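Here is a friendly walk through a two-chain model.

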Amino acid sequence: MRTGSLFGLAAQNLRRSRRAFLFSVFGISIGIASLVFFLALSSGVRQVLRRVFPASQLEVIPARSSLGTQTGLDLFGLGGAKPLDDVFARELRSEPEVAGVFPRMKLAFPGRAWGGAQLFGRNIYTELIAEGIDSNAMAGESLGPEPFSDDLGSQKACQTDPDCVAPEYCPWDTRKCERPIPATISPFILELYNGVLAPSHGLPKIGDFLASKFRGFGFNIELGRSFIGGASPTATAAPPTQRRVMLVGISPRASQLAVTLPLGFVRRFNAAYAGEKSAAAFSSVLVELKANQGAAAATRIAALARVRGFELADSGAERASLAVTLITALFALISLSIVLLATVNIAHSFFRQVAERKREIGVLRSVGASASDIRKLIVVEAAAIGLAGGVVGILLARLLGFGVDLAARSFAPDFPFRPSSYFSFDLAIVLGALGCAVVACVVGGYFPARRAAALDPAEALTS
Amino acid sequence: MLARLDSIHKDYGGQPVLRDVSLTIDAGEIVSLVGRSGSGKSTLLHILGGLDRRFRGRAEVLGHDLAQMDDRALAEMRNREIGFVFQSFNLLEHLTVAQNVALPSHFGVRLDEAEMRRRVERALDRVGIVEKIDGRPGELSGGQKQRVAIARALFSQPKLLLADEPTGNLDSETGDHIIELFQTLNRDGLTILVVTHEERVSKAASRAIRLEDGRVASALGASA
């Protein structure tokens, strides 16, 4: 039987039993709509998780079981943890899956910061939480107006700021022209600000436009002095001093909750205010995996870190991802149960139709249909129901998703990393759902089709 | 010789339906197969048409040894070389007259739309009902339905027409017209086997074979 004839006859049969067709399509579409809805929701949530926890980034830290790290003593050069140093960073760089290795170092002494009057209308005062990162980490990022580098500036002798060429200024302790320390922040901080701080403090939200205006925004820091903790803890620490900082952009490689400065600055500050030891060991190493490296690469890096006495920082990504996977699996199971019920309904419907169309099947056999033609005809009818049910189900899911997004936009409060849509109707989900619908219906139609094909033509004609 | 049956036996659930039936059908004949209900007439017609494969004995139809043919080959033979006409017409109510007549085309050689339409018109013209080409079976009288069924049987230009009680559901006048139609088709060269229990149909045949309790009781006519 030719394909065109097969589809033509199947279409004629479906048109005839329109009510049974619509009923079967309805059943399968409900299951598929539910499946697509939850898979798209899961995919959308995963996309948010990827924004919060970039999958290509791993953070190696000293082992948590070590006393030094647990107490934080290593930050002050007194801990017993095995230090993360350039030797391990070099080893990581030689791994084939690794695109880049960027050591990080926390500011190991108290500091404070203030500024923001131009942006917020008033100055904001805060403790300084800062971290240094290898300046190469920001290569390729769109930053400005100053480069993210360890460069101090011209170091020309000066008495006041006008003696220096802007943006350089004249620090009162060194009296040498210095450029503001370039700093980046993470998208997480921006989301935290937009989702929590801005609404609660009546401050303006920072969108893409404002974020671009953010570049060049300056504030002041005072090293060795804190709003809450007093002066630096070590007796040999340098006297408190002030510096200017300039935000040069937002980067996913920046520390999640700290202002990120070039590593050289932090190393120098730690040496001056917390001792040479704290300027030698990194607090963590950011490992950037090459594109398309899956979980296996992460596992390998984790194993290597463990062997060398380190471990991967728990960002919470794994637990969040596991929770999403479990919830998705649960709802997918419920959806597949609906699809299964629809399959049983389709099988039942086709068994009934085969019984009702017995004589018709006999007529088709008498004009030249083989048993396999009859089987194919019923399977194609079932597949057509699956295709129609799949398309309707996907449209229903999209409609439902649109409704949920609309309701969330209207009623749900703002929060960090809030997506414009909670759903991601990926092509793979759409095609997979269509395939699932067709396969479910073909399975439902297959056994009735076999029964129809096995009918004795002579008996069918006399039924 | 168009068809030959040798010592055909057929049981239904242990009950013999055909017992040692042997007969031949020559090209160009109208043969009537007569007998009471349950005498095995329809079963014999189904065996000749390749619709019933569960029998013992040798059946040779249009040069094919039916026992040696698989389901697909039998389907192809039915599609190209044999036409069937049934007592209850067996038209598909959801299709138009033209679609019913063209039903064999779905399983045979590919025809373009124009050729298909031409063949449908020719078949309907032969049975004198071409004006109903776009109608539905539900709009036709019994006689018209049977003519459409005959047109469907003629669509593939078969060599053998097997008719099972073709006048059984028709009044006598309409039945006579169908008999006349069969005679006309036969004069045009078509070999016809008619299963009937009606005397007038049997009389129109060139040869009559009587079945009784699954056996050939008598064979009357030219080739008998």
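Predicted model: local features only at pLDDT ≥ 70, side-chain atom pairs only at ≥ 80, totals over all residues.

Residues are numbered from 1 along each chain as its sequence is written, chains are lettered from A in the order in which they are written, and side-chain values use heavy atoms, leaving out hydrogens and water.

**Where the chains meet**

On the chain B side, 26 residues touch 26 residues of chain A (contact means heavy atoms within 4.5 Å). About 2400 Å² is buried between them, with carbon and sulfur atoms giving 56%; buried area is the accessible area, for a 1.4 Å probe, that two parts lose on being put together, summed over both. In chain B, H94(B), H106(B) and F107(B) lose the most area to chain A, together 27% of what that side buries.

Three salt bridges link the chains, counted when a side-chain nitrogen of Lys or Arg is within 4 Å of a carboxyl oxygen of Asp or Glu. One of them pairs D456(A) with R54(B), at 2.3 Å from N to O. As for which part of chain B contributes, α2 (71-81) and β6 (82-86) each supply at least two residues to the side that touches chain A, and α2(B) has the largest share, with five residues. Helices (H or I, at least four residues) and strands (E, at least two) are DSSP runs, numbered from the N terminus.

On a 1 Å grid over the protein atoms alone, a cavity is a set of points where a 1.4 Å probe fits but cannot get out, and a pocket is an open set with protein on both sides within 12 Å along at least five of seven lines; lining residues have an atom within 4 Å of a point. Grid points are joined across faces, edges and corners, and a volume is the space filled by probe spheres set on the points.

| Space | Volume |
|---|---|
| Second largest pocket | about 830 Å³ |
| Largest cavity | about 90 Å³ |
| Second largest cavity | about 70 Å³ |

The second largest pocket is lined by 28 residues, with I124(A) and V259(A) among those nearest its centre. Its biggest contributor is α6(A), with six residues.

The largest cavity has S366(A) and V367(A) in its lining, along with chain B residues including R78(B) and F84(B). Here β6(B) gives the most, three residues.
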